Amino acid sequence: MFNSYLLEALPSVREPGVIIGPVADLMGQVYNMLFNLLHSNTSAGSLGLAIIIFTLIVKMLLFPLMVKQQKSSFIMQQMQPELNKIRAKYAGKTDQMSQQRMAYEMQELQRKNGASMVGGCLPMLIQLPILYALFYLFQNAYVYVDAIGANYTEIANAIINIPTALRMEVFQPFAQEFVDMYKNIDIIKDGFDMGQVNDVVMLVGNMKADDWNVVLQNLGSAGSELAPLLATKNDIETFLTIPLVTKAGLGFPGIIIPIAAGVTTWLQTKIMNMMNPQNMDPNNPAASMTKTMLYTMPIMMGVFSITMPAGLGLYWTISNLFGIIQQVILTKYYRKKFEREAAK
């Protein structure tokens, strides 16, 4: 397949490293299969649709952890009276021995009941390497997705076919900006040549839609071969008018992604707190942290999404929406389950 060639032949500006690299390669193969399946039926929006389906697959794989997390949350909710008794028992005792004994008694109570105060963090911790891998996947989509790699290679060849003087005049500002941005990266330190396909492919991956408009305007009739290839690039990479492999940024329509990421993060945290009253219990030491996260996490995710490829922000947004649905379903299930057990 073309993808196996890309992984060996087409360079990326930044490599994911020895830990995230295998995760990125595996996810790239899965995502590439999804994309090819969708792209063979419809070209428009395939990249975004593949992200949505890919997100659903990830959420289903993590579903057992979500079940465990929700079960632990309800057990912790029922344990709150006992935990408060332990806290009251050691109220005012700030010496190290008393604090250690209080922590031990609370841990023992949780262990006996099969609950954990940190259980809710596990799904998030597992998602971190996935997020890092997706960052590299979307930043270097031409390495992982066959159609994008083939398109970028054709664009690079079309650029090289432009007469040298005109090519250097038109592309030099963008090439210089690219080199200045990544001047400390080894692959750029080794030299950048506008006559080499691999080097031009990296430049193609770094240029934005507005940059291409300037290029085509300056090239005039010399850009006739380039125009349809760029139209194909736009068709592949755009979802609901938003380019997914470039930074979302602050301009419209890219800014929609950071806003959606922030709002859905806030909504998911809010619903989680509403359905788990212990998160808002003033006697629960984790309540203040939960309340802080309600506002800090959405802001953080919104800001991060501005500087990341829009595809990553779309993944996070869809993941939040699926997470909300899972949260509501599991909360209602365990609430009824524990109410039946309490009635017995």
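These entries go through what I looked up, in order.

Ground rules first: I'm on a predicted model, where local features need pLDDT of at least 70, side-chain atom pairs count only at pLDDT 80 or more, and totals for chains, interfaces and linings use all residues. Numbering runs from 1 along each chain as its sequence is written, and side-chain values use heavy atoms, with hydrogens and water left out.

**Helix packing.** I checked H9 (residues 164-181) against H11 (residues 197-206): they pack at about 90°, axes 10 Å apart. Helices here are DSSP runs (H or I, at least four residues), numbered from the N terminus. Axes are lines fitted to C-alpha atoms over the stretch in contact, and angles run from 0 to 180 degrees between N-to-C directions. H9 and H11 are therefore roughly perpendicular (65 to 115 degrees). From H9, Phe171, Phe174, Ala175, Phe178 and Met181 meet Met202, Leu203 and Asn206 of H11 (contact means heavy atoms within 4.5 Å).

**Salt bridges.** How many salt bridges does the structure hold? I get five, each a side-chain nitrogen of Lys or Arg within 4 Å of a carboxyl oxygen of Asp or Glu. I looked up Lys85 with Glu82, whose closest N and O atoms are 3.6 Å apart. Both sit in helix H4 (residues 63-89), three residues apart, about one turn of the helix.

Terms used. Helices (H or I, at least four residues) and strands (E, at least two) are DSSP runs, numbered from the N terminus. Angles under 35 degrees count as roughly parallel, over 145 as roughly antiparallel, 65 to 115 as roughly perpendicular and the rest as oblique.
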